[in-house]
Amino acid sequence: MTRDISQASTHPDKVRPASAVSRWSMDSSDVSSGTLQDSWGSNDGSLNGGITTGASGVGGSEAFSFDGSDDYVAVGDVLGGFTRLTVSSWVKVTGSSSNSSYNVVVGNSGAYVLSYQDDTDDFLFRLGLDGGKVDLRAGIGSVINTGWYHITGTWDGSKQRIYVNGSKVSEQSASGTMGDTSGKHMIMGSLDTNADGQGQSKYMFKGKIDEVRIYSEALSQQQVWKLYNVGRNANWGFSRS
Ligand SMILES: [Ca+2]
Ligand SMILES: [Ca+2]
């Protein structure tokens, strides 16, 4: 598939429709006193485990580096119960860290999860609908230690889709009521499955995470493609190293 990306935005704050909810840049300029500021909303995150900040990220920006042991960002008992959703992140997987197959990039247990699956060396987008788990895998082959990937999960209330590097990889029908995640915290780098507000050790992520975004609508293929190019655009200094 060939697309003209010459019109792609070079500004990291683009792709901000009315449905934009939260954006975390992972840039040091948005971190103070152990708190990562939400650039769009009020869903700030607390840094745990001694996360390494200032690591090289996408577009010449900075990322967080997670040690796979106890590093995670806890956003709070928020960001659940969506009727439509987009969740996206840049990730660089550098290890298989957990004692489960789930190396969670971002998730709110019972509602949605984006994860690296170390059993299949692949990405997973899970929705929590009507109390059950609805899983969609990316199926792109090995992603460990092969550089940065942009992963996006969307749900429009009837279809669930997963995109990698701006292109749709898989989709399926998915409907129901998303879990409200009451008591469970939205976490980056792990998952709060037992509603204690903390990332559980078996779901830790090892590698880098950058530019996590949440929208309350399913972004279109065109919007996801633009979102990917916002991050990778050479004019913005993107490097895969
Ligand atoms: Ca640590
Ligand atoms: Ca960044």
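The exercises below, each with a worked solution, concern a predicted model.

**Exercise 1.** Determine whether Ile-187 is buried or exposed, and describe its surroundings.

*Solution.* Begin with the location of the residue: Ile-187 lies in strand E16, which covers residues 186-188. Next, count its neighbours and compare the count with the cut-off, under which a residue is buried if 20 or more other C-beta atoms lie within 10 Å of its own. Ile-187 has 29 C-beta neighbours inside 10 Å and therefore counts as buried. Finally, list its contacts, leaving out residues up to four places away in sequence: Ile-187 touches Tyr-72, Val-73, Ala-74, Val-75, Gly-107, Asp-192 and Gly-199.

**Exercise 2.** Work out the strand order of the open sheet of nine strands, and explain why one side of E2 and of E12 is left without a neighbour in the sheet.

*Solution.* The order reads E2-E3-E4-E7-E16-E9-E10-E11-E12, and the pairing is antiparallel. Strand E2 (31-32) and strand E12 (132-137) stand at the edges and have a single partner strand each, so one side of each has no neighbour in the sheet. Within this order, E3 (residues 35-36) and E4 (residues 45-48) run antiparallel and are joined by two bridges, with Thr-35 standing opposite Ser-46 in E4.

**Exercise 3.** Check the span of helix H1 (residues 221-232) at 1.5 Å a residue, and find what covers its buried residues.

*Solution.* Because the expected span is 1.5 Å times one less than the number of residues, the twelve residues of H1 should span 16 Å, which agrees with the 16 Å between its end C-alpha atoms. The buried residues of H1 include Val-224, Trp-225, Leu-227 and Tyr-228, and what covers the buried residues of H1 includes strands E8, E13, E14 and E17.

How values were computed:
Residues are numbered from 1 along each chain as its sequence is written. Chains are lettered from A and ligands numbered from 1 in the order in which they are written. This is a predicted model: local features need pLDDT of at least 70, side-chain atom pairs count only at pLDDT 80 or more; totals for chains, interfaces and linings use all residues. Helices (H or I, at least four residues) and strands (E, at least two) are DSSP runs, numbered from the N terminus. A residue is buried if 20 or more other C-beta atoms lie within 10 Å of its own, exposed if 12 or fewer, and partly exposed in between; C-beta atoms are placed from the backbone. Two residues are in contact if their C-beta atoms, placed from the backbone, lie within 7 Å. Two strands pair if DSSP finds at least two bridges between them.
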